[in-house]
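The sequence and the model come first.

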Amino acid sequence: MNSKVITWSVITALGGFLFGFDTVVVSGAEQALQHYWHLGNFQQGFTVAIALVGTMVGAFGGRMPADKLGRKAALMIVAFIFLVTSLGTAFATDWYLFVILRFIGGLGIGASSVIAPVYISEISPTSFRGRLVILFQGNIVFGIVIALLSNYIIVLSYHGSWRLMMAVMAAPSLLYLILLRFVPESPRWLILHKARYDDAKETLRLIDPNDYEQEMQSIVNSKNEEVKDSSSEKIFSKRYRRLAWLAFLIAFFNQVSGINAILYYAPSIFTLAGFNKNDSFSASFYLGVVNFVFTMLAIFLIDRAGRRKLMLIGSYGLILSLGLVSYCFHLKNADGHYVIWLLMAYIAFFAISQGAVIWVFLSEIFPNQVRAKGQSLGSFTHWFMATVITFLFPAVRTNIPGEYIFMFFCGMMVLQLLFVWRMMPETKGKSLENMERSLTMH
C-alpha cells in the first residue's frame, strides 16, 4: 500500500482523536462542574449533552462545507473549532458561556464524523479501504483512552482540576490544524464538484501509479451516470431508500447499545456498583484501554472477516454481556468487580463490531454524488440518539434501577442482531463505484 495514502489517512484520522477526547473528557469533569455551578440533575445532564446537540447539528450540516469548500478545507475549520473551544471552556467562569462553547465544540465533532471518513474512503484503495477508514475509529478510542488517562492523572495529581481537563486538548488540536496543510484534496471531490480533472489525476497518480488512469475513468463514468446537479439528488428518493434505511439503522443501534451513556457516565456507574471515587476513575480508564485494544484487533479483521461477520459476532457478545450486567444489578449484593469485568467484555464486543464498522460502512454504501449526504444522515442519527440518551441518563439512573437500564440496552441488541442477519449487506472487497451499482435501486 502506498505510504503517502497511509500518511494522509493517519493525519486525517487524527480528527477522530479529537472527537474521542472531546466527547469523553467531560466524564471526568461532570461532577466537578455540578459542584462549581451548583447544577441540578437537569442542568447537569444539559451540560454534558449540549456538546452532543452541537454534534448532531454538525453531523447534519457537515456535508455542506465538505461539498462546497472541499474535504480538506472543511477539516481545517473543524481543527480550528477544537482549538478555540478547548481553551475557551478551560477559562470559562460563566456557565452559559461554558455551555455555548461546548455546543460549538460539538459542531466540530459532528462535522469531523462526516468529513474524515468520507475523505479517507475517497483516497483509499479498495482492498485496504476498511483498514484505513477504521483508523478514524481507532483514533476515536485512542482519544478516549488519553482523555480518561488525562482525567485520572489530574484527579490524582492536580486535585481534579476540571479546567486543566478541558485545556489539555488544545495541544493536539493545534497539531491537527498544522498537519492538515500537508494532505491533498480528495480526487473524487475535485472531479464531482469542481471538474478539476488535472488536479484529480495527479492525486490519483500519487495514490496508485499503476492503475490511476483506470480509476480516473471509473470516477468520471460514475459522474456521467448521475444527474448533473448533485444537489438535486434526494437521499430519501426511491433510488437511495434502501441505503438511507441501512444508514439510519446501523447508527440507531450503535447508540441504543448504551455505549455513550456508559463511557460518559462510567465513574458514576461504578459508584453505583459500590466503588469509591479513585477506583471509579481507574476502572473507567481500563474500559478505555479495552476499547482501544479491541479496536486495533478490528483494524486487523475488518478487511479479512468482513463488516457483516464482525457485526454478527459483536451482537451475540453484546446481548450476553449486557444481560449479565443487568443480572448483577438485580442481585444488588453481587461483587462490584463482576460489573467491571462484564463491562470490559461489553466494550470489547462493541469495539470489534459496531465501533469498528459504523464509520466504514457509512462511508462505503452511498454513491459518489450523495456520499457526504448519506454520511450526514448516519452521523445525525447517531448523534441524535446519543444526545437523547446522554441527556436523560442522569435522571434515569436516579429513578430507574440499573437492572432495567441494562436490560433495555440488551433488548435493543437483540433487535440489532435481527437487522444484521436479515438486512445488512457485506461491503468487503467492493469498489465504491461497483457498490453503487449493486446497492442502489434503478
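Is A195 buried, partly exposed or exposed? A195 is partly exposed, with a relative accessible area of 37%; buried means under 20%, exposed over 50% and partly exposed in between, for a 1.4 Å probe and protein chains only. The model is predicted, so local features need pLDDT of at least 70 and side-chain atom pairs count only at pLDDT 80 or more, while totals for chains, interfaces and linings use all residues. Residues are numbered from 1 along each chain as its sequence is written, and side-chain values use heavy atoms, with hydrogens and water left out.

**Positive phi**

- A195 has a phi near 55°, a positive value in a residue other than glycine.
- A195 sits in the loop between α9 (187-194) and α10; helices are DSSP runs of H or I with at least four residues, numbered from the N terminus.
- H38 also has a positive phi, near 55°, and is a residue other than glycine.
- The loop between α1 and α2 (41-61) holds H38.
- H38 counts as exposed, at 70% relative accessibility.

**Packing of α1 and α10**

- Helix α1 (residues 3-36) packs with helix α10 (residues 197-207) at about 110°, the axes being 7 Å apart.
- Axes are lines fitted to C-alpha atoms over the stretch in contact, and angles run from 0 to 180 degrees between N-to-C directions.
- The two helices, α1 and α10, are therefore roughly perpendicular, a label for angles of 65 to 115 degrees.
- From α1, K4, V5 and W8 meet T203, L206 and I207 of α10, where contact means heavy atoms within 4.5 Å.
- The residues of this contact divide into four nonpolar, one polar and one charged; Ala, Val, Leu, Ile, Met, Phe, Trp, Tyr, Cys and Pro count as nonpolar, Asp, Glu, Lys and Arg as charged, and the others, Gly among them, as polar.

Note on methods: Parallel < 35°, antiparallel > 145°, perpendicular 65-115°, else oblique.
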